[in-house]
Amino acid sequence: MAKAQLMDFDKALELFEPVLGFEVHVELSTKTKMFSDAPNPAFSGNEITEPNTAITPVCLGLPGSLPVVNEQAVRYSISLGLALGCQIAPTSRFARKNYFYPDLAKNYQISQYDEPIAFEGSLEVELEDGTLVQVPIERAHMEEDAGKLTHVGGSTGRIQGAEYSLVDYNRAGVPLVEIVTKPIVGAEHRAPELAKAYVSTIRDIVRALGISEARMERGNLRCDANVSLRPRGQQQFGTRTETKNVNSLRSVERAVRYEIQRQAAILAAGGTITQETRHWHEDTGTTSPGRPKSDADDYRYFPEPDLLPVTPTAALIEELRDALPEAPAARRRRLKEEWGFSDLEFRDVVNSGLLVEVADTVAAGAAPQQARKWWTGEIARIANATDAEPASLISPAHVAEIVALVESGALTDRLARQVVEGVIAGEGSPAEVVAARGLEVVSDDGALITAVDTALASQPDVLEKIRDGKVQAAGAVIGAVMKAMGGKADAARVRELVLERAAQ
Amino acid sequence: MSAADLTRATAADLAHRLSTGEVSSVEVTQAHLDRIAAVDGDVHAFLHVSEHALDTARQVDADRAAGLALPELAGVPIAIKDVLCTLDMPSTSGSKILEGWVPPYDATVVARLRAARMVPLGKTNMDEFAMGSSTEHSAYGPTKNPWDLERIPGGSGGGSAAAVAAFEAPVALGSDTGGSIRQPGAVTGTVGVKPTYGGVSRYGAIALASSLDQVGPVSRTVLDAALVHDVIGGHDPRDATSIPDQWPSMAEAARRGLTGDALKGLRVGVVRELEGDGFQSGVKQRYHETLDLLAGAGAEIVEVSCPHFEYAVAAYYLILPAEASSNLAKFDSVRFGLRANVTGTVEDVMGATREAGFGPEVKRRIILGTYALSAGYYDAYYGSAQKVRTLIQQDFDAAFEQADILVSPSAPTTAFKFGEKLADPLAMYLNDVTTIPANLAGVPGMGLPMGLAPEDGLPTGLQLMAPARHDARLYEVGAAIEQLLEGQWGQPLWSQAPALATALGSNGGAR
């Protein structure tokens, strides 16, 4: 595939105004699926590994099977709608979206079409410098996920050219809420940043609501980013592309930036944008064309006759409204104050997408500064190096445990970093890693004194200097002792002992 | 007691004799299996005869001998329309695309039959995916009308109706989307009920048109239908359209009809739009005789008008194909059923499978429905049809203010000959003109024998309709009318059916 021409980002923004739109799919973590009593793989308590084991006749669309709406999924959807500032429809309806595809067991998807459960909302999103942006929400509707296809034998992993394809229906019927924004204008050069902040805010909300695992790398949260450009001064929106498969916060930002630069180059050269879906490639940081998409795609929607309309009572809606957690922006203001972070420190946490992790780590007993230090430091570094989400690497409880071990003196910072590495490598809990790797600080003075005496004896010139009052010379001896102890000693105690033994 | 007596007995009678120990379920079941072997080569009511029937019967007998308390119909055989999923028998819905498919689950109604310890005899023939009024659209060949083997048994549930009319089963299950229980009942001289929509679970009934489909009983007497209805009816959490209400006993209602004076003062609404042009003279004659009889028994005959019934067939043939086109999309070879042996893309295989697996009537309706749902046509077709549906519901509401029960002939004609309407789909569709309104409105309807048409000596049927959720009223009134008519005839209609030639041995042709 020919590499797309890109225009310099600032130049692109000079010529064109970007218009954004997002469709975010949230997998709800109900115990069972949207329309059947099959276990829901998006619920963390359901350990499902083998393909096609979390299925019932309903998930397979077997003849005669019928869907029944999961009440918990409806409650979750209402809560999410409320958190997005939406109105909740007293009557909403499921519809059938008809199209043939082998991952769709019935060859139609049960979704909501012209009567979604939530509509007309607005979400406050905070940018990195604290600027607040209101993102207009068009609707949030319920639907079922499709199965998963694995294309075997082709070079691209896509269906084109594959010898055969395998279908896993475990995901078929997982409850989804699709959140659709209205066109977002005015973001200008901060469009990529806004894209990331928007998805990040949705992630914070669904986590705070406890309605989704919200792990992007697992597909719990999936973002399709619509981007179009219009020449400066033009009223009418340009032709948009829809970039799919964007499964990390960083990718959302990069994909939007890439599409702005790609489209600008085409438009500036007098070309036209094809309305299509595009696939994001994490490795190359580029998008490639998917299938053409037009507004004329005919899904032959009609009301799902197997299901009754969804009619939540006003009392239920109010009950769920009262139970809503704090809005993310308000929560951030409160936490910043409680933790005593500087603007910079707090923004660092938020912008790394680690607010929930830090908060959970603090809740598990760690000091706020320590929690911040580990998440934005060592863990973020490993996450960056391995292209993973920090949250997927280690749990807040384990981080808190490590912090406690350092506080108690059982671990040095250096040892603690090894423990973090061990936990991430899957070697077990911090205590297990400490035990297995033998990382506990040596607090037996006897062993330390022997090592100190040996080190002093082998460096008589240093011993002289110390005795002459040049205390800073002790560093060389301390280093030798630490090395001899394999790093498993408390450097402060070693220093005390060096000075003590040198004086004798 | 002779085997012939056992096959001509009603389910209620068999249940009684089984409970007293006069006969065993094995004897009753064997008698019906023998009858199937003897006549089904000609009738072809069954697509599959169960290999487990005698074992099931034996277990019921053993439990009875052990003194276990058993449900009323325990040990009574029953035939099951092939539209229903059964764990131990293929379930094809009359289509090649599902040939040999054995579902991994029982339809709720089938599970309830088993829980009631009834004995499934086999699966009955039907028009493919219940699309038709004659069983001529079955992929496995038509069923013959036991009254005249040259004629259709009605459809789509011709197999269940013929099985009961030919004494191959005392009772059967059917499904009724636009008349598939009641119209076969009319032309075979049997009883059939389409319950209130939501009254009987659809879970495991292979869907034709989800908003219209309803499973119901097929029998030779109103009481037998009521007994089966009590077994299969009631709320099912697996069907979201299932009504959660508690239902009264239909059997008690039928028994009240047989003993009380249900007809006295009953306001019987004669639907003006459901007779006239296109109705066979013998059907009209029997219909008016029956109305006179009802008046004589103290009923008040009132004429009611349902002006929008005129549009019912047109609306039905938009809603049904639209829903069916979507319901039948799942037959794509990926997970079950036929797979055409072609190479190419998955779309090529899907297309070739559907081309090979669906018959012409199914294809016709898929195309109609796909068109009706297409962007730009939706409002004009599907949307308008739904509005007609609302108007028909309002017609019913108004009519039921004037009448306790509505009546019409169950079908405009007696059984027609094979091939007579095959080339003219519209003529075939009009055969359901009387039955379709009840499906569109979701109200219950019953068909029961109304005598033989003088000109051809073939059965005619009377249709009763009640307000939604008042199925019990149908059974009470139906049983009373049945008794009144049989009093006139001196015997049940079905006992006048011509004897069928019987084949000896078990090579009767049923598979």
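Before anything else, a note on terms: I call two strands paired if DSSP finds at least two bridges between them. Helices (H or I, at least four residues) and strands (E, at least two) are DSSP runs, numbered from the N terminus. This is a predicted model, so I keep in mind that local features need pLDDT of at least 70 and side-chain atom pairs count only at pLDDT 80 or more, while totals for chains, interfaces and linings use all residues. Residues are numbered from 1 along each chain as its sequence is written, with chains lettered from A and ligands numbered from 1 in the order in which they are written.

**Chain A sheet**

I looked up A:C223 and found A:V246 of strand 11 opposite. Strand 10 (residues 221-231) and strand 11 (residues 241-246) of chain A run antiparallel, with four bridges between them. I then checked what packs on the sheet. Helix 4 (residues 249-268) of chain A touches strands 1, 10, 11, 12 (276-281) and 13, and its direction makes about 30° with that of strand 10. Contact here means C-beta atoms, placed from the backbone, within 7 Å. For angles, axes are lines fitted to C-alpha atoms (for helices over the stretch in contact), and values run from 0 to 180 degrees between N-to-C directions.

What is the strand order of the open sheet in chain A? I read 2-5-6-9-1-10-11-12-13, nine strands with mixed pairing. Strand 2 (87-88) and strand 13 (286-292) of chain A are at the edges with a single partner strand each, so one side of each has no neighbour in the sheet.

**Chain B sheet**

Chain B has an open, mixed sheet of 11 strands, in the order 1-3-2-4-6-5-10-11-9-7-8. The twist averages 30° from one strand to the next. Inside it, strand 2 (residues 77-81) and strand 4 (residues 171-175) of chain B run parallel, joined by two bridges, and B:I80 stands opposite B:L173. Helix 8 (residues 222-232) of chain B lies across strands 4, 5 (191-194), 6 (215-219) and 10 (445-452), at about 150° to strand 6.

**Cores and interface**

I took a nonpolar core as a set of buried Ala, Val, Leu, Ile, Met, Phe, Trp, Tyr and Cys residues joined through C-beta atoms within 7 Å. Buried means 20 or more other C-beta atoms within 10 Å of a residue's own, exposed means 12 or fewer, and partly exposed is in between, with C-beta atoms placed from the backbone. The largest core has 250 residues, and those touching the most other members include A:L80 and B:A172. Helix 3 (residues 191-209) of chain A gives the largest share of this core, 10 residues. I also listed contacts of B:A172: among them are B:I78, B:I80 and B:V218.

Across the chains, 25 residues of chain A are in contact with 35 of chain B.

Most residues other than glycine have a negative phi, and most peptide bonds are trans. I found a cis bond from B:G155 to B:S156, omega near 5°; B:S156 is in the loop between strand 3 (119-124) and helix 6 (158-165) of chain B. B:F129, in that loop too, has a positive phi near 50°. Buried or exposed, B:F129? It counts as buried, with 32 C-beta neighbours inside 10 Å. A:E120, in strand 5 of chain A, has a positive phi of about 55°, and A:E120 is partly exposed, with 14 other C-beta atoms within 10 Å.

Terms used: Two residues are in contact if their C-beta atoms, placed from the backbone, lie within 7 Å. Lists of a residue's contacts leave out its neighbours within four places in sequence.
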